Amino acid sequence: MLIRHIYRVERMDPIYTKTAFEIGKIVTKNYSTSFFSATKLLDKSIRDDIYAIYGFVRLADEIVDTFSVYDQKALFNRFEADYSACARLGFSLNPILYAFQCVVNKYNIPASTVESFIESMRADLSKKIYTNEDEVSKYIFGSAEAVGMMCLRVFVNGDENEYNKLEPMARKLGAAFQKVNFLRDIKHDIEVLDRCYFPGVNRSNFDDIRKGKIIKQIEDEFKEAYKGILKLPDNSRKGVYTAYIYYTKLLEKIKKTPAPALISKRIRLSDSSKMLLKMQIMFYNTAGII
């Protein structure tokens, strides 16, 4: 089946294929300037593949979080059905799905990894409260760790041995990124989406003690993830490290923000802070630290 898919991709109009991957790049640039900046430090040979992954996961995320004026369940059902057809045929008239499936086939990304992501995205349509850590862990695995696992397949060029060595740390990094996002977006999640990913937490009881416990988990995950970043291939180490630095700095700002303030406004890094980070990372690269 995989060989037949690859054969079909090679037979495809190269203009359509090129356009499909360019759309992934546009989606990445328009939806996340910080992530797009980090991807510039990836080797050119893998950038388009990472854009294709981002385009796919962003489209799913927008359906369940943003397109509220439409029937989101119907949209997601169509998205999932269209992707299933694309995975079966190796082609889709939806360029985002097509580019993503090209990457899935190229790097042998398991169907189960993609299915875990889709399952977590679907949960956002109906599940609003997470009552225990097992539920949260399952959601984070699909929504974040699975995405890190997809990217890792690209970074190691499908090498199974290298992938197995780095997978646990890639999952830690994905989980840490996701929990930082949860804290950064807690106001929007609670007030707009009526959703909370932290068991037992609501607007009235979120305090510095609860916030501190969550931050401790994230710091431990970042510590383990950093070990994996240092072992990444040259094609991706600097780009992943840049994203890591950005999120650790964002976590520092969240850590300094009292819980009542955190739940009343969205935390972000200023443009000047981002510029300083870029200068710091450039120094690290020049000095050969990373």
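Q: Which pattern does the chain follow, read along the sequence?
A: This is a predicted model: local features need pLDDT of at least 70, side-chain atom pairs count only at pLDDT 80 or more, and totals for chains, interfaces and linings use all residues. Residues are numbered from 1 along each chain as its sequence is written, and side-chain values use heavy atoms, with hydrogens and water left out. Helices (H or I, at least four residues) and strands (E, at least two) are DSSP runs, numbered from the N terminus. The chain has 14 helices and zero strands, and its pattern is α-α-α-α-α-α-α-α-α-α-α-α-α-α.

Q: What percentage of the residues of the chain count as buried?
A: Buried means under 20% relative accessible area, exposed over 50%, and partly exposed in between (1.4 Å probe, protein chains only). The chain has 290 residues, and the buried part comes to 48%.

Q: How many residues apart in sequence are the parts that the pair of Phe56 and Phe79 ties together?
A: Rings of Phe, Tyr and Trp (its six-membered ring) pair if their centres lie within 6.5 Å; planes under 30 degrees apart count as stacked, over 60 as edge-to-face and the rest as tilted. Phe56 and Phe79 are 5.3 Å centre to centre with 35° between the planes, a tilted pair. Both Phe56 and Phe79 are buried. Phe56 lies in helix H4 (residues 44-65) and Phe79 in helix H5 (residues 72-89), so the pair ties together parts whose separation in sequence is 23 residues.

Q: Is Tyr226 buried, partly exposed or exposed?
A: Tyr226 in helix H11 (residues 208-229) pairs with Tyr241 in helix H12 (residues 237-256). Tyr241 has a relative accessible area of 6% and is buried. For Tyr226 the relative accessible area is 29%, so Tyr226 is partly exposed.

Q: Over which ring does the charged end of Arg153 sit?
A: A charge sits over a ring if NZ of Lys or CZ of Arg is within 6 Å of the ring centre and within 35 degrees of the ring normal. Lys127 meets this over Tyr130, with its charged end 5.1 Å from the ring centre. For Arg153 the distance to the ring centre is 3.7 Å, and the ring is that of Tyr163.

Q: Which residues is Ser143 in contact with, leaving aside its neighbours within four places in sequence?
A: Ser143 is in helix H8 (residues 133-155). Its relative accessible area is 9%, so Ser143 is buried. With contact meaning heavy atoms within 4.5 Å, the partners of Ser143 beyond those neighbours are Phe117, Ser120, Met121 and Gln178.
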